[in-house]
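This briefing is meant for a reader who is meeting the structure for the first time. Please keep the sequence and the 3D view at hand while reading the points below.

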Amino acid sequence: MRTRIPVIGAIAVAAWALPYGLGGYTIHVVNIALIYALLAIGMGLAMGISGQINLAQVAFFGVGAYGVAILTTHSGYGFWAAAVLALLATVAIGLFVGIPALRMQSHYLGIVTLGLALGFINWITNAHITGGADGISGIPVPTLPGIDLSSEYLYYYLEAFVFAVGLAFGLFVVHTSLGRRLRAMRDDSLAAGAMGAEIPLLRMTAFLLASFYGGLAGILYGGLIRYVAPETFSISNMFILLAMVVIGGRRSLVGCVIGAIGLTLVREWLSDFSTYAQLGYGVVVVLMVVFAPTGLAGIPARLRALHRRRRGGDATRAELRPFTPYEPVEDSAQQPGLLRVEAVTKQFRGLRALDEVSLTVDAGEIRGIVGPNGSGKTTLFNVISGFYRATSGTVRFAGGDTTTARPYALSLSGMARTFQNLRLFGQLTVRENILVALDRSRTRAIWRYALWQPGVIAQERRLRTEADEILERYGLGDFAESPPASLPYGIQRRIEIARAMAARPRLLLLDEPAAGLNGEEVQQLVGIVRSIRSGGTTVVLIEHNMGLVMSLCEKVTVLSSGRTIAEGTPREVVAAPEVIEAYLGDSELSELRLDQESIPQQDSTQDRPKEATS
Ligand code: ADP
Ligand code: MG
């Protein structure tokens, strides 16, 4: 941060001094560039940060510009009143465009937003109120006391101010609670949902942000050019905007700005060769997508990573430290039936993955769920945690009927899970992965971004302190700033447990947590799971590693072909004829038997868990 202040200061001084050295035409180009930069920030927030393909950004731009034009010339509003109304109209359109995002993703969303943009272009070209192909001229000069904004030099300062505030706000969003959730949604929307993020609302928020910046840019454009016509909002300009964001680096708002300003200038130089230039941008975009998908802004990080790899990595100093056990809680209210699964069936077309499965887990248990591959264990977790809706039957969690509850709602009511195939947020750091789960605020709390930013900052401080505690507890301190994908598998598994526990759940669902771990890591896992339970969290654990199930669980449920075939203590279960039959011919049976001999003494709930590494 300290190194940034002089940089920001230098940029501010340069921005202040810039018009003194520029001719009348150049300042005009700069003013256009700043407008595109605002547009690109909106585009980056939707596409790069939130992962929502948005080809309607020129339409937002157009609604802002035409809104001001129509309201000032037809309806007789002053510029600023018209600007406020136009911005509200743009945001309303943005939310409307975002509706398809509730249902669909990726390329479909691209097609739909493109369709909406085309519809808008069609409308402005043909409607009477928009002046048809001629557009609308005679937009009044915005007035500011003592400043003549008809001078492009002075208009530059207005734009620079709006741009600076817009960029600062965008960066603030990206690096705090809302932006972290948007990025988590981009990386893995299922996992983000399981961490308490309301995905549909977040998608809408992405479009709201994009349209807000689009509207701002449109309003500034109207005040600068004082004339609007359809060609400014054409699909080819949409493509240029896309090129700006891709070339600059869509995941970084600063990258988007660099792309926008750079390409506006290049476009100006090449204005005599505009047809060839279009082709050129296309080629550059393709090359960027193939060779530098993170754009210009991503190049420094790529070089750093390359440099690290050359040097053999400095990760050697970083190490996974021992887990610090939770303070055991005295079991006050032994709640029977924390989780009740009643006759749940899950049908996938012809396949019955779960067939009338019933199961009751009491608070304070560590329940094992075993069964051959494809027996429906993961499906059961998916039904319990709201990813799948049961075809029939009910699920009750903490006393309420949660059969149709959404993953985020279940997360907020105290259920957390991990995934059989790791689902960490790949582009977030380990600390940010934890922070996403720590953040228990609802999406509607984003009003604070508009009206009470200190509240956001205070929450952020609190979350960061808690994140540090969790990182320390799980021995992950050295990896706080690393992207998870760069870490060994065993560490990633531990991060996933730490992330699930960051939500302070009452019930933790672990889907094959020992898969891919080595012997020592499995021992550590045993310690962690025991400590989680004595810390007051009930655990349900799917596991293939029978040794682990035998040593951790008092009670085991065995599934086979979607049916519960046995339930009881590990000893009872391995002796049940149904289980032996289900595992017949399966190498796991011999494993099962072997492990039966080596079942360690069960620890009671009150036991303070052994430190895993000891
Ligand atoms: P397990 O975790 O016990 O290995 P799963 O619950 O993953 O088994 O799968 C149980 C059965 O359900 C498998 O036959 C699998 O192919 C099927 N299945 C799981 N999810 C889906 C899905 N989304 N669509 C269709 N079939 C599925
Ligand atoms: Mg599974």
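Two strands are said to pair if DSSP finds at least two bridges between them, and the strands themselves (E, at least two residues), like the helices (H or I, at least four residues), are DSSP runs numbered from the N terminus. By that rule, strand 3 and strand 6 (residues 392-397) run antiparallel and are joined by 5 bridges. This is a predicted model, in which local features need pLDDT of at least 70 and side-chain atom pairs count only at pLDDT 80 or more, while totals for chains, interfaces and linings use all residues. Residues are numbered from 1 along each chain as its sequence is written, chains are lettered from A and ligands numbered from 1 in the order in which they are written, and side-chain values use heavy atoms, with hydrogens and water left out.

**Strands around strand 3**

- Strand 3 and strand 4 form a hairpin with 2 residues between them, and Arg-349 in the turn has a positive phi of about 45 degrees.

**Strand 11 and its neighbours**

- Strand 11 (residues 555-560) is largely enclosed by the rest of the structure, because 5 of its 6 residues are buried, where buried means under 20% relative accessible area, exposed means over 50%, and partly exposed lies in between (1.4 Å probe, protein chains only).
- Strand 5 (residues 366-370) pairs with strand 11 in the parallel sense over 4 bridges, and Val-558 in strand 11 is the bridge partner of Val-370.
- With strand 12 (residues 563-568), strand 11 pairs in the antiparallel sense over 5 bridges, and Ser-561 takes a positive phi near 45 degrees in the hairpin of these strands, which has 2 residues between them.

- An oxygen atom of ligand 1 lies 2.8 Å from a backbone N or O atom of Gly-374, and an oxygen atom of ligand 1 is 2.7 Å from an N or O atom in the side chain of Thr-378.
- Thr-378 (OG1) and Gln-420 (OE1) coordinate the magnesium ion (ligand 2) at 2.0 to 2.1 Å, donors being N, O and S atoms within 2.8 Å of the metal (3.2 Å for Na, K and Ca), and as water is not among the atoms, sites may look incomplete.
- This pair links distant parts of the chain, 42 residues apart, with Thr-378 in helix 14 (residues 377-384) and Gln-420 in the loop between strand 8 (415-417) and helix 16 (430-438).
- Thr-378 counts as partly exposed at 24% relative accessibility, and Gln-420 counts as partly exposed at 27%.

Methods
A polar contact is a pair of N or O atoms within 3.5 Å; within protein, one must be able to donate a hydrogen and the other to accept it, and residues adjacent in sequence count only if both atoms are side-chain atoms.
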